[in-house]
Amino acid sequence: MTDSVVTRFAPSPTGFLHIGGARTALFNWLYAKKHGGKMLLRIEDTDRERSTEAAIAAILDGLKWLELNWDDDVIYQFSRAARHREVAEQLLADGKAYRCYATSEELAAMREKARAEGRTRLYDGLWRDRDPSTAPAGVKPTIRLKAPQTGETVIEDQVQGRVVWQNENLDDLVLLRGDGTPTYMLAVVVDDHDMAVTHIIRGDDHLINAARQKQIYDALGWAIPSMSHIPLIHGPDGSKLSKRHGALGVDAYRAMGYLPAALRNYLVRLGWSHGDQEIFSTQEMIDAFDLPGIGRSAARFDFAKLENLNGHYIRQTDDKTLVRMFEDVLDYVPEGATLKAKLNERSRAQLLQAMPSLKERAKTLIELIAGAYFIFADRPLEIEAKAQALLTEENRALVGRLRGVLEGVSSWSAEATEAAVRNFAEQNGLKLGAAAQPLRAALTGRTTSPGIFEVLAVLGREECLARLADQTA
């Protein structure tokens, strides 16, 4: 094995990049970065019926958005089928594999009998030692590994510890199907070997595959990479992660307004810990990440925790970057096209001006968009029900009087408008809130917004007076 660390992320392109896959990619990326090595990307597209170009594009886009950049060119497993066949033929020539002529009916009967007898080995070795010259005509044989029938297959797993299988329970697995296509088990071993992969970090749903793959490595006389099988992600209730828990594609989190850095930070803490530290910069993650820090039990996905973490990252992000992220996420939300059309030099400047206040309240970019509604709203404003309830006849009259006061403010700013409204409230024996809330409803159509004097400053004199006139006409 070489000194240089090589990890790989090897998704099947039968759907989007889901959250568990994103975490696997992150762990591989961090381990490679920590050791100055490489993370390679292999698309396991051997399932031709279910693999799609759209899924491949979604996986690549998801990794790029998460800023998990791979090294070297993407490797497509299907394109290496000839090499996989060559290895199967070599095992056959070396007496480590054999041709199996069992028909589908015979195999079905074998499986049924084995299950009835409570055996996990489903193939009974029918063609293991038979003379191929006795093969029935017209049956295209598979090539099976001549697996050891006694003893143990052992994996020293970096996360699961020592894992042992009794060989008597493991089948002579198929390496090459009757139509000449290689199986997943063979393809993975050959690809990992040829790509010089030193560390395999993947979900523990692959643990049984590790036993079978170890037998192929042994038959070929190849060194087996270090193995780490990480527990899967469960829902908050401990059940298998489903869509309602968050088993969504990375693209869905992007559309929900999560920041890549926040999602990376959240995922790294799903199943891995470093003391009590919760928040990590990317460099801190790289420096701290290690395989023994990964727990053996399933991690639980918690949307509230992700939201809070995302809110932290939004508050830590500079305003100009947030304006850019605000624009980027518009491609993923229903009202995005309308808002994009309204983004111009003036509205961008207004958004930037309001950002310090907007980002204090928002846990996602979608909440940031909702909070910035008042900047982009068309006149006359759509007034929400709660705001409408505030705008009683009496309060509309109050808004009309406030408009008259604000009209007299010559140098328009948050400070100047605040002084004018405070002065009006004092003179009329009102609490500031009694004047500010109807003013907010009339200017934003909402009952919540950034500070009302900030809203006045961001919208500008002309727009504010026009909106107030709409509510008092």
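Helix H8, residues 260-268, is mostly covered, with 8 of its 9 residues buried. The model is a predicted one.

**Helix H8**

- The buried residues of H8 are Pro260, Ala262, Leu263, Arg264, Asn265, Tyr266, Leu267 and Val268.
- Several helices pack against these buried residues: H1 (19-34), H2 (53-65), H7 (250-255), H9 (282-288) and H10 (303-316). Strand S12 (299-300) packs against them as well.

**Nonpolar cores**

- The largest nonpolar core has 101 residues, and those touching the most other members are Leu63, Val268, Phe289, Phe301, Leu351, Leu406 and Leu439.
- Helix H1 gives the most to this core, with 9 residues.
- Another core lies apart from it and has 33 residues, including Leu92, Ala147, Ile155 and Leu170.
- In soluble globular proteins, nonpolar side chains tend to be buried together.
- Which residues does leucine 351 touch, not counting those up to four places away in sequence? They are Val323, Phe326, Leu343, Leu358, Ala372, Ile375 and Phe376.

**Tryptophan 29 in helix H1**

- Tryptophan 29 is part of helix H1. Its relative accessibility is 8%, so tryptophan 29 counts as buried, the cut-off being under 20%.
- Beyond its neighbours within four places in sequence, tryptophan 29 is in contact with Met39, Glu67, Leu68, Asn69, Thr282 and Ile286.
- The side chain of tryptophan 29 also reaches the backbone oxygen of asparagine 69, at 3.4 Å.
- Tryptophan 29 and proline 136 are separated by 107 residues in sequence and by 50 Å in space, C-alpha to C-alpha.

**The sheet S1-S2-S3**

- Three strands in the order S1-S2-S3 form an open sheet with parallel pairing.
- S1 (6-9) and S3 stand at the edges with a single partner strand each, so one side of each has no neighbour in the sheet.
- S1 and S2 (residues 38-43) run parallel and are joined by 4 bridges. Opposite valine 6 stands lysine 38 in S2.
- Helix H1 lies across S1 and S2, and runs at about 165 degrees to S1.

- Is S10 (residues 226-230) enclosed or open? Of its 5 residues, 5 are buried, so S10 is largely enclosed by the rest of the structure.
- Ser226, Ser228 and Ile230 point one way from S10, while Met227 and His229 point the other way; all are buried.
- S9 (residues 199-203) pairs with S10 in the parallel sense, over 5 bridges. Isoleucine 201 has serine 228 of S10 as its bridge partner.
- From S9 the chain crosses through helix H6 (residues 207-220) to S10, making a right-handed β-α-β crossover.

**Helix H5**

- Of the 11 residues of H5, 8 are buried, so this helix is largely enclosed by the rest of the structure.
- Those buried residues are Met185, Leu186, Ala187, Val188, Val189, Val190, Asp191 and Asp192.
- Their cover includes strands S1, S2, S8 (174-176) and S9, along with helices H3 (81-93) and H6.

**Backbone details**

- Most residues other than glycine have a negative phi, and most peptide bonds are trans.
- Alanine 196 follows H5 and has a positive phi, near 60 degrees. It is found in the loop between H5 (184-194) and S9. With a relative accessible area of 39%, alanine 196 is partly exposed.
- Aspartate 72 is not a glycine, yet has a positive phi of about 65 degrees. Its place is in the loop between H2 and S3 (75-76). Aspartate 72 is partly exposed, with a relative accessible area of 46%.
- The peptide bond joining arginine 379 and proline 380 is cis, with omega about -10 degrees. Proline 380 lies in the loop between helices H15 (373-376) and H16 (385-390).

Key: Residues numbered from 1 in each chain as written. Predicted model: local features only at pLDDT ≥ 70, side-chain atom pairs only at ≥ 80, totals over all residues. Heavy atoms only, no water. Buried < 20%, exposed > 50% of the residue type's maximum accessible area, 1.4 Å probe, protein only. Helix = DSSP H or I, 4+ residues; strand = E, 2+ residues; numbered from the N terminus. Pairing = 2+ DSSP bridges. Right-handed = clockwise from strand over helix to strand, strands pointing away. Contact = heavy atoms within 4.5 Å. Polar contact = N/O pair within 3.5 Å; in protein donor to acceptor, adjacent residues only side chain to side chain. Core = buried A, V, L, I, M, F, W, Y, C linked by side-chain atoms within 4.5 Å. Axes fitted to C-alpha atoms, helices over the stretch in contact; angles between N-to-C directions.
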